[in-house]
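Here is a short tour of one model for you to follow on screen. Have your viewer ready and keep the sequence beside it.

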Amino acid sequence: MKAGVEVLGVSTDPVESHKKFCEELKLPFSLLSDEGGKVSKLFGILLTTPKGDLLSGRSVFLLDKEGIVSHADAKYD
């Protein structure tokens with residue numbers, strides 16, 4: 001954390017699926033589970049598939065130490 005920044009990923013997938021996904025992509029950050037989509041809904045990025053599954057839309061949010069959003073890109077691709 002040289003720049004005083006911590007990167008976290010959030011996914012609506014269950015924790016059990018994260019290990020393989022993180023290993024395959026060699027993610028350099030932790031991936032947190034948002035099963036049920038509570039966090040994704042709070043940030044306005046919760047999507048529902050035609051089958052009814054919940055997904056987190058790809059996005060980037062920067063929060064300061066107090067948890068205030070200082071930057072939001074809800075359509076990150």
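## About the model

This is a predicted model, in which local features need pLDDT of at least 70 and side-chain atom pairs count only at pLDDT 80 or more, while totals for chains, interfaces and linings use all residues. Residues are numbered from 1 along each chain as its sequence is written, and side-chain values use heavy atoms, with hydrogens and water left out.

## Strands and crossover

Let's begin with strand E1, residues 8–11; strands are DSSP runs of at least two residues and helices (H or I) of at least four, numbered from the N terminus.

E1 runs parallel to strand E2 (residues 30–33), and four bridges join them; DSSP must find at least two bridges for strands to pair. Ser-33 in E2 is the bridge partner of Ser-11. Between E1 and E2 the chain passes through helix H1 (residues 15–25), in a right-handed β-α-β crossover (with the strands pointing away from the viewer, the path from the first strand over the helix to the second runs clockwise).

## A residue in the loop

Lys-26 sits in the loop between H1 and E2. Its phi is near 50°, a positive value in a residue other than glycine. Most residues other than glycine have a negative phi. Lys-26 is also exposed, with a relative accessible area of 68%.

Definitions and conventions
Buried means under 20% relative accessible area, exposed over 50%, partly exposed in between (1.4 Å probe, protein chains only).
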